Amino acid sequence: MKPWTALTGITKWILRIAILMIVFTQYYDTFMGFKLNTFQFYIAAVYIVFGVLIFIGGFFTKHNLTVISALILFIASIYMSIESFDGITNEFAFNVLVGAVTLFFVTNGNK
């Protein structure tokens, strides 16, 4: 069976929207708490800012914004995966999945 290459464009937008939904459901409350003395606030800020920038980067023809935002989110996902590792838990799997999606955007950009 041949892959459905005609759906590639819409699939990338679904991934971008999924990143936005994940970022806001997981990190919005922490970010809005504005507890500047906690490291979790800064991680939440990174996820929210660069998650939005990955989405916005999809509207541009150049890959720069998407690739840089995805790279920063990939690094944050690696950090959070290491930080949350206590066996294969929901939180660990979530961080690995976000890392995999952002790595996809690092390698493919806006193609």
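**View 1. Helix 2 and helix 3 are roughly antiparallel to each other.** The model is predicted, local features need pLDDT of at least 70, side-chain atom pairs count only at pLDDT 80 or more, and totals for chains, interfaces and linings use all residues. Residues are numbered from 1 along each chain as its sequence is written, and side-chain values use heavy atoms, with hydrogens and water left out. The axes of helix 2 (residues 39–57) and helix 3 (residues 64–84) cross at roughly 150° and come within 8 Å. Axes are lines fitted to C-alpha atoms, for helices over the stretch in contact, with angles from 0 to 180 degrees between N-to-C directions; under 35 degrees is roughly parallel, over 145 roughly antiparallel, 65 to 115 roughly perpendicular and the rest oblique. Helices (H or I, at least four residues) are DSSP runs numbered from the N terminus. The crossing of helix 2 with helix 3 is left-handed (near helix turned anticlockwise from the far one by less than a right angle). In contact (heavy atoms within 4.5 Å) are residues including Phe 39, Ile 43 and Phe 50 of helix 2 and Leu 65, Leu 73 and Met 80 of helix 3. The residues of this contact are 15 nonpolar, 5 polar and no charged (Ala, Val, Leu, Ile, Met, Phe, Trp, Tyr, Cys and Pro count as nonpolar, Asp, Glu, Lys and Arg as charged, the others, Gly among them, as polar).

**View 2. Helix 1 packs against helix 2 in a left-handed crossing.** Their axes come within 9 Å and cross at roughly 155°, which makes helix 1 roughly antiparallel to helix 2. Among the contact residues are Trp 13, Leu 20 and Phe 31 of helix 1 and Phe 41, Ile 48 and Phe 55 of helix 2. The contact holds 18 nonpolar, 4 polar and 1 charged residues.

**View 3. Helix 1 is oblique to helix 4, with axes that cross at roughly 140°.** The two axes come within 11 Å, and the crossing is left-handed. Lys 12, Arg 16 and Tyr 27 of helix 1 and Phe 94, Val 101 and Asn 108 of helix 4 are among the residues in contact. By class, 9 are nonpolar, 4 polar and 2 charged.

**View 4. The largest pocket is lined by 13 residues.** A pocket is an open set of points on a 1 Å grid over the protein atoms alone, where a 1.4 Å probe fits, with protein on both sides within 12 Å along at least five of seven lines; lining residues have an atom within 4 Å of a point. About 200 Å³ of space lies in this pocket. Tyr 27, Gln 40, Ile 43, Met 80 and Glu 91 lie nearest its centre. Helix 2 gives the most to the lining, with 4 residues.

Terms used: Helices (H or I, at least four residues) and strands (E, at least two) are DSSP runs, numbered from the N terminus. Grid points are joined across faces, edges and corners, and a volume is the space filled by probe spheres set on the points.
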